[in-house]
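Take a first look at the protein shown here. The report below moves through its charged pairs, its pockets and a few selected residues.

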Amino acid sequence: MDRLRAAGCVFAEEEAALLVEEAGGDVDRLDRMVGDREDGRPLEQILGWAEFAGIRVRVEPGVFVPRRRSEVLVRLALGAARPDAVVVDLCCGSGALGAALLAARPDLEVHAADLDPAAVACARRNLTPDRVHEGDLYDALPGHLRGRVDVLVVNAPYVPTDEIGLMPPEARDHEHLIALDGGPDGLDVQRGVCAGVGDWLAVGGTLVIETGRTQAATTAALMEDAGLTPSVVTDDEIGGVAVAGT
């Protein structure tokens, strides 16, 4: 615990307890894990899992660590999903959103996709492997989903390129840049999502996108341009901001 506190870990006692439990009495492994934390690696990547929306999600080195603020997407998606709905977790990272949705609603047909091979490999460990697809946005999805997606849930990168250097070191140094960099204004990937959504959503379908507080109005405008009726949802308790368009 003292080593973690000296490294600047705010919750050193809680982290130490998790690392000791994960090490399972292997002193050498514990020492390596503490060393990784001292070097700034995210705790979740060291443990190999993250707590998200009431479940444990597998997390591997380099893969985006799910944040609690993204739980607002889970709530919105669950509220929009009819029984046996087809749901796609686009830009899925570890597949945390899809896994949380399935844990709450096993009836859902959940697919996921990401451009990063490391993220796809991780998501296949959290979801049904043959329903996790690799590729750039909609290019990754199998054709049979076209026009059938009831809920499209998206946590695309939305940090402006010039602000990547301002992120905490454990994010900018240990999560792949492709999961963080959203282009000059942070919304390049969201533009791609909104531009193609009409071909994939079912009639009455819903698109839910996480975004930044200062970007929400622009995200909503992108959805409106795509023919959707958007609404901005904020959750101050967890710091979540999302736009839902139907």
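## Salt bridges

With which residue does Glu 51 form a salt bridge? The partner is Arg 56, and the closest N and O atoms are 3.5 Å apart. Arg 56 has a relative accessibility of 47%, so Arg 56 counts as partly exposed. Keep in mind that this is a predicted model. The count of salt bridges comes to 20. Side chains of opposite charge can pair when their charged atoms come close.

Another pair joins Arg 172 and Asp 173. Here the closest N and O atoms lie 3.9 Å apart. Arg 172 is partly exposed, because its relative accessibility is 34%. Asp 173 has a relative accessible area of 51% and is therefore exposed, the cut-off being over 50%.

## A link across the chain, and a network

The side chains of Asp 236 and Arg 213 also meet in a salt bridge, at 3.3 Å from N to O. This pair links distant parts of the chain, 23 residues apart. Asp 236 sits in the loop between strand 8 (230-235) and strand 9 (240-245). Arg 213 sits in the loop between strand 7 (201-210) and helix 10 (216-225). With a relative accessible area of 61%, Asp 236 is exposed.

Salt bridges can also join into a network: Arg 3, Asp 31 and Glu 38 are linked in this way.

## The largest pocket

Rolling a probe the size of a water molecule over the atoms shows where empty space is left. The largest pocket holds about 740 Å³ of space. Its lining has 33 residues, and those closest to the centre are Glu 15, Arg 37, Leu 43, Glu 44 and Glu 170.

Which elements each supply at least two residues of this lining? They are helix 2 (12-23), helix 3 (27-38), helix 4 (43-47), strand 1 (49-52) and helix 8 (169-172). Strand 1 gives the largest share, four residues. By type, the lining of the largest pocket divides into 17 nonpolar, three polar and 13 charged residues.

## The second largest pocket

About 530 Å³ of space lies in the second largest pocket. This pocket is lined by 33 residues. Nearest its centre lie Cys 91, Asn 155, Ala 156, Pro 157 and Ala 179. Strand 3 (86-90), helix 6 (96-104) and strand 4 (109-114) give two or more residues each to the lining of this second pocket. The lining of the second largest pocket divides into 21 nonpolar, five polar and seven charged residues.

## A buried glutamate

Now turn to Glu 60. Its place is in the loop between strand 2 (55-58) and helix 5 (71-80). Is Glu 60 buried or exposed? Glu 60 counts as buried, because its relative accessibility is 16% and the cut-off is under 20%.

What does the side chain of Glu 60 meet in a polar contact? The partner is the side chain of Arg 125, at 3.3 Å. Leaving aside neighbours within four places in sequence, Glu 60 is in contact with Gln 45, Cys 122 and Arg 125.

## Helix 9

Which residues of helix 9 (residues 188-196) are buried? They are Gln 190, Val 193, Cys 194 and Gly 196. These buried residues of helix 9 pack against strand 3, strand 6 (149-154), strand 7 and helix 10.

Definitions and conventions. Residues are numbered from 1 along each chain as its sequence is written. This is a predicted model: local features need pLDDT of at least 70, side-chain atom pairs count only at pLDDT 80 or more; totals for chains, interfaces and linings use all residues. Side-chain values use heavy atoms; hydrogens and water are left out. Buried means under 20% relative accessible area, exposed over 50%, partly exposed in between (1.4 Å probe, protein chains only). A polar contact is a pair of N or O atoms within 3.5 Å; within protein, one must be able to donate a hydrogen and the other to accept it, and residues adjacent in sequence count only if both atoms are side-chain atoms. Contact means heavy atoms within 4.5 Å. On a 1 Å grid over the protein atoms alone, a cavity is a set of points where a 1.4 Å probe fits but cannot get out, and a pocket is an open set with protein on both sides within 12 Å along at least five of seven lines; lining residues have an atom within 4 Å of a point. Grid points are joined across faces, edges and corners, and a volume is the space filled by probe spheres set on the points. Ala, Val, Leu, Ile, Met, Phe, Trp, Tyr, Cys and Pro count as nonpolar, Asp, Glu, Lys and Arg as charged, and the others, Gly among them, as polar. A salt bridge is a side-chain nitrogen of Lys or Arg within 4 Å of a carboxyl oxygen of Asp or Glu.
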